[in-house]
Amino acid sequence: MAKTKIRYNPSDLISNILLYLFAAAMIFPFIWLVSTSLKLPQHILSWPPQIFPKVFTLANYQAVFQKVDMIRYFINTLRFTMVSTMSIVFTSALVGYIFAKYRFPFKEPMFLIIISTMMIPFQCYMIPLYMMMVKIHAVDTYLGLQLPYLVQAMGTFFMRQNFESLPDEYLDAARIEGASEWRIFFNIALPSFRSALGGLSIFVVSIIWGNLIWPLIITSSEKNFVLELGLVNFQQLYTVDYGLFTAAATVAIIPVIIFFIVFRRQIMEGITLSGIK
Amino acid sequence: MWVFFMKGYNKAHVKFAYTALLPIFGLYLILRCWPILESFRLSFTNYSIISPNFSFVGLQNYLKLLSNDQDFRISLINTMLFATLTTIAVLLLAFSITLAMDRRKIKSIGLLQSLFFLPVVVSVVPSAIIWKWMYDPQYGIFNYFLSFFGIGTIGWLVDRSYSMYSIILFVIWKWLGYFMVIFWVGLKGIPGVYIEAAKIDGASNWKLTRFVILPLLKPIIFFSLVMATIKGFTIFSEVYVMTVGSQAAPGNMVKTLTYDIYERAFLYFRAGQANAEAVILFLIVLGLTVIQGKLVRKGELY
């Protein structure tokens, strides 16, 4: 197939050009999004399309904030994401640590039960979960949205793998000094695995922030919408107004992009966490 | 009895482990184990989320789905088509781009990777809004690009014969960066001596890839394969948002299994059937996971 002798410099150059062109195509949709959101209605639907707006306007953004409570959606999303992340990271660390470093009766069966829930996609048990929320009157409430995301087996598994590398001698030394088991967990175990905890946090943020299926099922009134659901609903209300949609979508992705620029390395490692471990 | 269990264990350790573990284990039982078991049980009933009364109907839900259910058949075929095409395309692209990045001297690789990774970071709904706008049959930029090549307008999403493929294209764009990072980590994990040795032996780039890099990457490739397939089989958001609003894909044409489960349970109130469908989906995913386990174990032997 590739019988041609490869001369290094020209082919490096070509590879660079091709890869950067491809990358440009990958981010073109975002440029097009922002550009559309800054156009006047008559310029949005002009043919041929203009890559950059002739006249810049913020009218679409004003309209978005008048028509929907983006701030509210944003706060709901932030709360959902932060509480989930804190809970999942904490429970995963604690449970992972205990399974890695302690011996107690029924350890293996308990670990198996937790890990087996990791194999089952959320979509397979969301209906009984919904019925549970009906029973405890948590449909269309923050509580109902939050409950399923207090624990996550993937995190437990990941943290156990990490804690296994923690030498028992450290723990025993602390015990001789008279530290309680809780103290050892908080003061020795947790601080030694900051980067693993950081990676796990980013992984959890990435699955919660963009979650659509559970909010779609469990919430029905606008005051409980998360950003994703709010945007879906918005699209159903104003069916053809691309200026509005693109402005709303831009508002929704700006915080994410800023976050990504700041924590690039950690995010790329964190999101693919499940793949590397 | 208790003394028997406690034999050989450090009492203080057991006490700590149980105090810390049991509340969280309880959460797993309530929020995961119970719904999972309940989903199996309800798949044998005619349960509906709007009425509290139901009775057991045996295998009826399964038989109905497997024998003469148009929606289920469409969803299953769509899901398989979607999962297969997306997996193949995403993995091939991710692999070749990552390989090119690794083999050639590339300027600011970090920046380049970040550009490819951006669609992974941005959540599904805003991304879908952009793509729907680009796919617009009248004013969409895709049709404008096509006009350079003298190709007439295409109803990317609205045209029944294109809608599934348009969604696949969108998902490839969305997932590509994710698998690129996985492959990148795999490539960086190959000890440099192997590649140096092959080069000294005079291996061409093609031979180096085929006989050194590919076999060493086997576990990562198999892993990504099953990962992408499972992601594909459980796809929901990407398909759902593409069917919302005007100029969108026709829902009944691009239905996938999870989409159908959602519709059956929450729009048509046939939760029994939906649970049966969920169990079938689970069996498919389980099958894929088992295959993954086997392949990866084989792959590790090189």
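In chain B, Phe269(B) sits in the loop that joins helix H13 (257-266) to helix H14 (271-300), where helices (H or I, at least four residues) are DSSP runs numbered from the N terminus. The phi of Phe269(B) is near 55°, a positive value in a residue other than glycine. Most residues other than glycine have a negative phi. Phe269(B) is partly exposed, with 15 other C-beta atoms within 10 Å; on this scale a residue is buried if 20 or more other C-beta atoms lie within 10 Å of its own, exposed if 12 or fewer, and partly exposed in between, with C-beta atoms placed from the backbone. In chain A, a positive phi of about 65° is found at Phe106(A), likewise not a glycine, in the loop between helix H4 (70-101) and helix H5 (107-116). Phe106(A) is exposed, with 12 other C-beta atoms within 10 Å.

The model is predicted, so that local features need pLDDT of at least 70 and side-chain atom pairs count only at pLDDT 80 or more, whereas totals for chains, interfaces and linings use all residues. Residues are numbered from 1 along each chain as its sequence is written, and chains are lettered from A and ligands numbered from 1 in the order in which they are written.

Within chain B, the axes of helix H5 (residues 109-121) and helix H8 (residues 163-188) come within 6 Å and cross at roughly 130°, the axes being lines fitted to C-alpha atoms over the stretch in contact and the angles running from 0 to 180 degrees between N-to-C directions. H5(B) and H8(B) are therefore oblique to each other, given that angles under 35 degrees count as roughly parallel, over 145 as roughly antiparallel, 65 to 115 as roughly perpendicular and the rest as oblique. Residues of H5(B), including Phe116(B) and Phe117(B), meet residues of H8(B), among them Trp173(B), Tyr178(B) and Trp184(B), where contact requires C-beta atoms, placed from the backbone, to lie within 7 Å. The residues of this contact divide into 10 nonpolar, 2 polar and 1 charged; Ala, Val, Leu, Ile, Met, Phe, Trp, Tyr, Cys and Pro count as nonpolar, Asp, Glu, Lys and Arg as charged, and the others, Gly among them, as polar.

In chain A, helix H3 (residues 59-67) and helix H14 (residues 242-262) pack at an angle of about 80°, with their axes 8 Å apart, which makes H3(A) roughly perpendicular to H14(A). Asn60(A), Tyr61(A), Ala63(A) and Val64(A) of H3(A) make this contact with residues of H14(A) that include Gly243(A) and Leu244(A), and its composition is 7 nonpolar, 2 polar and no charged residues.

An automatic or database domain assignment divides chain A into domain 1 (8-57) and domain 2 (69-276), whose centres, taken over C-alpha atoms, are separated by 34 Å. The contact between these domains of chain A involves 7 residues of domain 1 and 6 residues of domain 2, and H1(A) gives the most to the domain 1 side, with 4 residues. For chain B, the assignment gives domain 1 (2-42) and domain 2 (60-300), and 37 Å separate their centres, again over C-alpha atoms.

The contact between the two chains takes 81 residues from chain B and 77 residues from chain A. On the side of chain B that touches chain A, helix H2 (residues 11-42) of chain B gives the most, with 19 residues, and the classes on that side are 63 nonpolar, 13 polar and 5 charged residues.
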